[in-house]
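Hi everyone, thanks for coming. Have a look at the structure on the screen, and I'll talk you through a few bits of it.

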Amino acid sequence: MSVQSAAADVDVDLRQLFASLARNWLRILVVALVVTGLAFALTWLATPHYRAETRLLIETRESVYTRPDGTNDNDKPILDEEGVTSQVEVISSTDILKQVAQKLDLSRLPEFDETADMPALSRLLVVAGLKSDPNEIPPEERVLTKMREKLNVYRVEKSRVIVIEFSSEDPRLAAAIPNAIADAYISVQGNANIESNSAATDWLAPEIADLSKRVKDAEAKVASYRAQSDLLMGGNNSVLATQQLSELSSELSRVRANRASAAATADSVRRALQNGGSLDAVPEVLSSGLIQRLRERQVELKTNIADLSTSLLDNHPRIRALRSQLADLDRQIRNEAEKIMTGLMTQAQTAQARENQLVADVNTLKAASARAGDQQVELDALQREATAQRQLLESYLTRYREASSRKDSNYPPVDARVFSRAVAPSQPYYPKILPIIGAAFVGSLLVVAIVTLLQELFSGRAMRPAAGARFERIEQVAMPVAREPPNHEPSDHEPPDHEPPNQESADIEDLGDRMAEVQAEPQAAAAAPATGDDVGPARRSLGEVEIDKAVEKLITSGAARAIFVSPEGDEAAASAVLVAREVSDTGLRVLLLDLTASGAASRPTLDSRLFPGITDLLASEAQFSDVIHADLYSDCHVIPVGNADPVRAMRAADRLPIIMQSLTTAYDLVVVECGPTDAQGISRLIGEGTEVFLSLLEPNDEVAQAAVELIESGYPDLTLVTPVGHQTPGTPLPGRRSAA
């Protein structure tokens with residue numbers, strides 16, 4: 001838990017501090033002008049450097065006429081961010097830089113090889129061993145080192161543009177080198193594509209020859225196996241045996257249907273003949289032409305009989321002759337029906353024989369089809385192998401023709417192009433005289449001003465006593481001398497150590513009696529005769545206990561919270577301070593929380609300095625570690641009133657129970673000084689293990705009335721405590737002022 005140290009006794013006098021700048025303005029200006037002059041001389045004598053840049057665009061350069069067959073714009077490769085970054089590394093590679101250095105003969109220029117024209121001073125340093133001899137490094141490595149120092153290759157963010165930037169003392173060379181690097185990169189990429197194309201052609205040629213032989217062998221195997229297995233192909237690209245089996249199966253189904261139909265019809269005719277039923281319900285009988293004619297004749301005879309019956313009797317010879325002809329017609333119809341039934345039965349027997357023959361043929365074809373199926377599986381495998389080999393051969397042939405055509409025409413498609421070539425710059429980028437001079441002037445002014453301020457600050461002339469260094473004297477609490485109460489001899493009928501029972505009604509009655517005594521004492525003092533001795537009146541008493549007794553009660557009861565109410569104002573707050581210090585001296589962890597308006601309880605513990613406190617915590621302007629401080633005169637910790645707006649802090653008064661719970665968890669005892677408050681004011685602070693104390697200096701009506709109100713409000717165990725007579729050396733107490 002942090003402990004905030006005391007404030008410093010001196011402050012910085014800003015007016016005096018910045019006045020030193022006005023006193024030393026001439027020195028500051030002279031130094032700034034000198035530095036500016038030196039900067040101007042250095043920039044004027046410096047060798048100018050020129051910078052130029054070449055820009056490359058990474059893109060697919062394949063056209064629609066040279067693109068391989070079967071590909072489109074969506075199939076072209078697109079470099080991602082990593083791919084473009086890789087091309088940046090390729091451009092700045094050693095091989096390309098070597099090609100450019102050899103092409104432009106950079107080793108003869110002193111700018112890239114200092115051994116070409118080494119100054120005399122550098123030679124002396126080399127001879128003296130103060131500088132490494134550049135001749136020990138190979139010339140090619142020296143040139144590459146200088147080129148890398150002046151070269152900057154980078155990718156434009158979120159694009160496929162690569163910038164080749166180069167700086168040189170010669171403007172023409174500054175433009176020539178990045179252009180040469182770009183041309184060398186394009187050439188290297190083209191040569192790489194040509195080499196890749198040639199390697200593909202060289203690899204495809206023997207592969208195609210080998211594939212051609214394998215395709216021929218595979219197709220020969222297919223033809224040989226088909227001839228050996230006698231797999232003749234029928235319609236719909238199926239094996240002949242399978243096709244015949246399908247046709248016989250269809251024929252068998254048709255014959256079975258015909259047989260079943262003939263047998264059913266013959267059976268129906270037989271039942272009609274046997275049962276003497278009508279043959280008109282049998283379609284096959286009615287479909288016979290003879291029966292149809294007999295039926296017509298039968299209808300005609302019945303018509304004649306009906307006509308003659310109107311004029312002749314039934315035994316008339318003519319009617320009898322007609323009836324005889326009608327009976328003959330019925331017999332002929334039945335005979336014809338029997339013939340039809342016999343024909344149907346013959347047809348059913350023929351169909352049965354045909355069915356048996358077809359079943360035998362189907363079984364034979366089933367076995368043949370099964371063998372053909374196994375052979376067809378093997379044949380299909382051979383055909384798939386031959387087809388795969390042929391497709392691969394055709395693919396290789398297509399790629400070979402494309403690669404060989406590019407090789408013959410020497411066409412290397414490079415996935416990059418130069419869209420902005422470097423030109424010789426007319427203005428150097430270094431040195432920029434005006435910006436350098438301006439920066440030197442402003443920087444020197446700031447540096448000299450800061451040095452002047454530091455000198456003034458460290459000299460002590462800019463220091464003044466702090467506002468809080470001289471503290472107003474705090475009025476000490478005048479502690480009355482404790483007097484012995486009058487020794488009343490107990491009567492014979494009254495026990496010597498009799499105390500009223502600890503009940504609320506008894507406490508209220510006892511305090512009422514004491515209030516009556518307090519009101520009667522001024523009258524008795526006025527009526528008493530004056531004597532020559534300066535003897536003050538005896539100190540009144542409401543049954544209060546001293547600091548030691550209060551401390552003993554808190555320790556023995558194991559209380560976690562001690563709530564102090566001080567109706568008499570700030571002077572009575574000394575009881576809470578003294579109790580907190582006495583309990584902390586016993587080794588317990590104690591915290592004193594000051595809830596008075598004037599900070600009467602925390603000022604004597606922190607030497608009246610303003611520290612963050614409970615109002616800052618309630619206003620959410622500080623943390624627990626910022627508001628807890630150490631008592632300067634004991635091991636007790638203190639939370640003062642604080643510096644935040646009390647009105648704003650009281651809006652968060654509902655947080656007090658949570659804060660009290662947190663504090664009681666961290667400390668053995670939390671002592672709260674509430675000032676002249678009432679029962680409602682301490683209701684948020686009450687919790688488990690709480691002892692309520694009323695602090696008093698002089699028993700009077702106000703104190704007694706406050707005690708009665710607290711007891712009536714639900715605090716019957718109220719304890720009155722007084723700091724009178726308790727001496728703690730070196731401990732200032734709060735001054736007498738009213739607590740709001």
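Okay, so the chain has 740 residues, and 35% of them are buried (buried means under 20% relative accessible area, exposed over 50%, partly exposed in between, with a 1.4 Å probe and protein chains only). Keep in mind that this is a predicted model: local features need pLDDT of at least 70, side-chain atom pairs count only at pLDDT 80 or more, and totals for chains, interfaces and linings use all residues. Residues are numbered from 1 along each chain as its sequence is written, and side-chain values use heavy atoms, with hydrogens and water left out.

In secondary structure, we've got 20 helices and 13 strands (DSSP runs numbered from the N terminus: helices are H or I, at least four residues, and strands are E, at least two).

Now, how do helix α4 and helix α6 pack? Helix α4, residues 94-104, meets helix α6, residues 139-150, at an angle of about 105°, and their axes are 10 Å apart (axes are lines fitted to C-alpha atoms over the stretch in contact, and angles run from 0 to 180 degrees between N-to-C directions). So α4 is roughly perpendicular to α6, a label that covers 65 to 115 degrees, with under 35 roughly parallel, over 145 roughly antiparallel and the rest oblique. Among the residues making the contact are Leu97 and Val100 of α4, and Val143 and Met147 of α6 (contact is heavy atoms within 4.5 Å).

Last stop, helix α2, residues 25-45, which is where you find Leu26. Leu26 is exposed, at a relative accessible area of 51%.
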